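Opening the notebook on this one. I'll jot down what I look up as I go.

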Amino acid sequence: MVRLYGQPDRLTTLQDMTPDELGIVRASMKNGRAHDITLYIKKDSGYIFIAKPFYPPGLYRAPSGGVMPDEDFETGAKREAMEETGVEIELKRYILRIDVRFQSGDDYIDWTSHIFTAEYVNGEINPQDTHEIREAKLVSPDEIHGFMELMLKSGVGGLIYRAYLTKEANKRL
């Protein structure tokens with residue numbers, strides 16, 4: 001991926017979570033996955049963001065997901081974009097790799113977020129995986145700061161981490 005999309009900036013962080021929140025992360029680790037690919041999909045003058053079913057009204061973030069064992073990175077990223085947003089993409093740049101330790105007391109999970117920029121190619125913004133994604137929509141760059149504030153106000157470890165990821169990614173867009 002580095003050869004194709006560039007050397008990302010690398011960050012390391014620690015995110016405290018409740019035992020229940022850590023359990024949610026652990027439940028997402030299908031086939032032992034401990035990563036996500038987060039996509040900043042550019043369309044026109046904005047980015048395509050998603051809302052999960054449990055997010056409070058008004059909260060959106062960049063789509064993300066994992067590569068399956070039988071997929072390469074690029075195929076997994078494109079599949080996740082289609083499932084979460086309904087659009088075809090072309091990956092552009094590998095902007096950021098964040099190694100994070102999610103911890104609750106002595107229990108922890110080491111996780112890696114791979115953040116890419118991508119360009120919209122084709123399709124209607126409409127999530128295909130409606131179990132995982134409530135809504136996808138085009139947002140302006142000016143709206144993103146408000147989403148970060150909502151994530152921080154939530155008090156939820158996973159959303160606090162997403163606010164950090166979003167802040168760092170925005171510095172590189």
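**His114 first.** I listed the contacts of His114, skipping residues up to four places away in sequence, and got His35, Asp36, Ile37, Thr38, Phe73, Tyr94, Leu96 and Arg97. Contact here means heavy atoms within 4.5 Å. His114 sits in strand 6, and at 9% relative accessibility I log His114 as buried. My classes: buried is under 20% relative accessible area, exposed is over 50%, and partly exposed is in between, with a 1.4 Å probe and protein chains only. I also checked Ser64 against His114: they are 50 residues apart in sequence and 9.2 Å apart in space, C-alpha to C-alpha.

**Ground rules, before I forget.** This is a predicted model, where local features need pLDDT of at least 70, side-chain atom pairs count only at pLDDT 80 or more, and totals for chains, interfaces and linings use all residues. Residues are numbered from 1 along each chain as its sequence is written, and side-chain values use heavy atoms, with hydrogens and water left out.

**Asp110.** Asp110 is also a strand 6 residue. How exposed is Asp110? I have Asp110 down as partly exposed, at a relative accessible area of 43%. Setting aside neighbours within four places in sequence, Asp110 contacts Ala34, Val100 and Arg101. I looked up Asp36 as well: Asp110 is 74 residues from Asp36 along the chain, and their C-alpha atoms are separated by 12 Å.

**Gln15.** Gln15 belongs to strand 1, residues 9-16. Is Gln15 buried or exposed? Gln15 counts as buried, with 11% relative accessibility. Beyond neighbours within four places in sequence, I find Gln15 in contact with Val100, Arg101, Phe102, Gln103, Gly157, Ile160 and Tyr161.

**Overall fold.** Stepping back, I count five helices and seven strands in the protein. These are DSSP runs numbered from the N terminus: helices are H or I with at least four residues, strands are E with at least two. Along the sequence the pattern reads α-β-α-β-β-β-α-β-β-β-α-α. The radius of gyration is 15 Å, close to the 16 Å from the globule rule for 173 residues, so the protein is as compact as a globular protein of that length. That radius is taken over C-alpha atoms, and the rule is 2.2 Å times the number of residues to the power 0.38. Along the principal axes, the C-alpha atoms fill a box of roughly 45 × 35 × 30 Å.

A few totals for the protein. Buried residues are 47% of the 173. Of the contacts with a separation of 6 or more, 74% come from residues 24 or more positions apart. The protein exposes about 8700 Å², and carbon and sulfur atoms supply 50% of that; I used Shrake-Rupley areas with a 1.4 Å probe.

**Helix 2 (residues 19-27).** Which residues of helix 2 are buried? I get Glu21, Leu22 and Val25. Down the axis of helix 2, the buried residues fall within an arc of 100°, so they line one face of the helix. The arc is that of the directions from the helix axis to the C-beta atoms.

**Helix 4 (residues 144-154).** The buried residues of helix 4 are Ile144, Phe147, Met148 and Met151. They fall within an arc of 100° seen down the helix 4 axis, so they line one face of the helix. They pack against strand 3 (46-51), strand 7 (135-139) and helix 5 (157-170). Gly155 follows helix 4, with a positive phi near 75°.

**Positive phi elsewhere.** Most residues other than glycine have a negative phi, which is what sent me looking. Asn31 is not a glycine, yet its phi is positive at about 55°. Asn31 is in the loop between helix 2 and strand 2 (35-43), exposed at a relative accessible area of 66%. Asp44, not a glycine either, has a positive phi of about 55°. Asp44 lies in the loop between strand 2 and strand 3, and I mark Asp44 as exposed at 62% relative accessibility.
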